[in-house]
Each structure stands twice: as structure tokens, then as C-alpha cells.
Amino acid sequence: MTRFQQRVYNIVKRIPRGKVATYKVVARAIGNPRAMRAVGNALNKNRDKRMSCHRVIRSDGMVGGFARGTKEKIRLLRSEKVMIINKKAAVKHIISKF
DNA sequence: CTAATGACCATTA
DNA sequence: ATAATGGCCATTA
């Protein structure tokens with residue numbers, strides 16, 4: 001586990017149920033404002049099902065990728081009442097700061 | 001060390 | 001409105 005991954009997970013862990021954050025905002029929160037792409041890579045490697053990496057989406061509102069499939073990601077989000085239309089999450093759920 | 005990869009982003013066409 | 005492009009960065013081969 002690299003330190004970068006640690007920092008990412010520590011932030012992602014704090015996203016409350018029913019809310020989502022963008023890769024970009026997470027990158028900013030860990031102090032690497034331009035590392036949003038690397039954030040996605042870090043989450044991709046996570047195999048811990050207990051961790052809620054499905055709450056991280058793209059900055060344009062699209063749900064984005066998921067290690068176990070976008071379908072599953074959407075299913076998980078819907079299960080916690082996050083409204084999704086055309087693979088896009090409703091703005092009201094998106095958190096923009098920590 | 002260099003090169004390639006990808007759960008991204010903003011700009012441009 | 002959609003699609004392509006160049007850039008960015010941690011990790012891995």
C-alpha cells in the first residue's frame with residue numbers, strides 16, 4: 001500500500017452514505033490538485049469491498065468507471081438513494097468540499 | 001532509467 | 001450537442 005493510496009482512501013472513507021464526490025475534489029483534498037487520474041487508478045486497485053469507492057464520480061456528473069463494472073456502481077449508488085439519470089448523478093448529491 | 005497504462009479533465013473542433 | 005486531443009500523474013512493466 002503506497003502512501004498515495006493511503007491518502008486517497010482516508011478521504012474517500014469520509015464521504016457519507018447517499019453522497020458522492022468527484023475524482024478531482026478528492027485529488028484536491030489530498031493535496032495533489034492535478035492527480036485526479038491517479039486517484040482513479042488508486043481506487044481501481046482497491047479490493048476491499050467494505051470501502052465505499054463507488055461514491056467517487058467524474059466532475060461532469062457521469063458515474064465513471066468501477067472495478068466490478070459500471071452497472072454495479074450504479075446499483076450501489078441507487079441502493080443508497082442517489083438519483084441517477086443516463087449514468088449521471090443528480091447534482092444535489094455531489095459534495096464539493098471537505 | 002524509459003515507456004505504457006488508465007475508475008480523469010478541460011479545451012478544441 | 002458530441003468527438004477528438006493534449007495534458008496530467010502515480011503505478012507498473
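A: What follows goes from the DNA-facing surface to the parts of the protein around it.

This is a predicted model. Start with DNA strand B. It is surrounded by 15 residues, and the closest are Y23, K24, N41, L43 and N44. Helix α3 supplies the largest share of this surface, with six residues. Helices α2 and α3 each give at least two residues. By class, the surface near DNA strand B holds six nonpolar, five polar and four charged residues.

Which parts of DNA strand B face the protein? Of its atoms within 4 Å of the protein, 47% belong to sugar or phosphate, and the rest belong to bases. A polar backbone atom of L43 lies 2.6 Å from a base nitrogen of DNA strand B. N44 reaches the phosphate: an N or O atom of its side chain is 2.8 Å from a phosphate oxygen of DNA strand B.

Now turn to DNA strand C. Around it stand T2, F4, N32, R34, A35, R37, A38 and K45. Here, too, helix α3 (residues 36-45) gives the most, with three residues. The surface near DNA strand C has three nonpolar, two polar and three charged residues. Of the atoms of DNA strand C within 4 Å of the protein, 71% belong to sugar or phosphate, and bases make up the rest.

N32 has a polar side-chain atom 3.0 Å from a phosphate oxygen. R37 places a side-chain N or O atom 2.7 Å from a base oxygen. K45 has a polar side-chain atom 2.4 Å from a sugar or linking oxygen.

What lies inside the protein? The largest nonpolar core has 20 residues. Those with the most contacts inside it are F4, V8, V12, V26, V39, L43 and V56. Helices α1 (3-12), α2 (23-29) and α3 each supply at least two residues of this core. Helix α1 gives the most, with five residues. F4 is among the residues around DNA strand C, and L43 is among the closest to DNA strand B. V26 shows how the core is joined up. Leaving aside neighbours within four places in sequence, V26 touches V8, I11, V12, A21, V39 and V56. Another core, of eight residues, lies apart from the largest one and includes V20, V63, I74 and L77.

V20 leads on to the sheet. In it, V20 stands opposite I94 of β5. Strand β1 (residues 20-22) pairs with β5 in the parallel sense over two bridges. The sheet is open, with three strands in the order β2-β1-β5. Its edge strands are β2 (56-57) and β5 (94-95).

Two loops complete the tour. S52 sits in the loop between α3 and β2. S52 counts as buried because its relative accessibility is 11%, under the 20% limit. Its side chain makes a polar contact of 3.2 Å with the side chain of R55. F66 is in the loop between β2 and α4 (70-79). F66 is also buried, with a relative accessible area of 15%. Not counting residues up to four places away in sequence, F66 touches C53, H54, E72, K73 and L76. F66 and C53 are 13 residues apart along the chain, and 8.4 Å separates their C-alpha atoms.

Notes:
Residues numbered from 1 in each chain as written. Chains lettered and ligands numbered in written order. Predicted model: local features only at pLDDT ≥ 70, side-chain atom pairs only at ≥ 80, totals over all residues. Heavy atoms only, no water. Pairing = 2+ DSSP bridges. Helix = DSSP H or I, 4+ residues; strand = E, 2+ residues; numbered from the N terminus. Near = heavy atom within 4 Å. Polar contact = N/O pair within 3.5 Å; in protein donor to acceptor, adjacent residues only side chain to side chain. Nonpolar A, V, L, I, M, F, W, Y, C, P; charged D, E, K, R; others polar. Core = buried A, V, L, I, M, F, W, Y, C linked by side-chain atoms within 4.5 Å. Buried < 20%, exposed > 50% of the residue type's maximum accessible area, 1.4 Å probe, protein only. Contact = heavy atoms within 4.5 Å.
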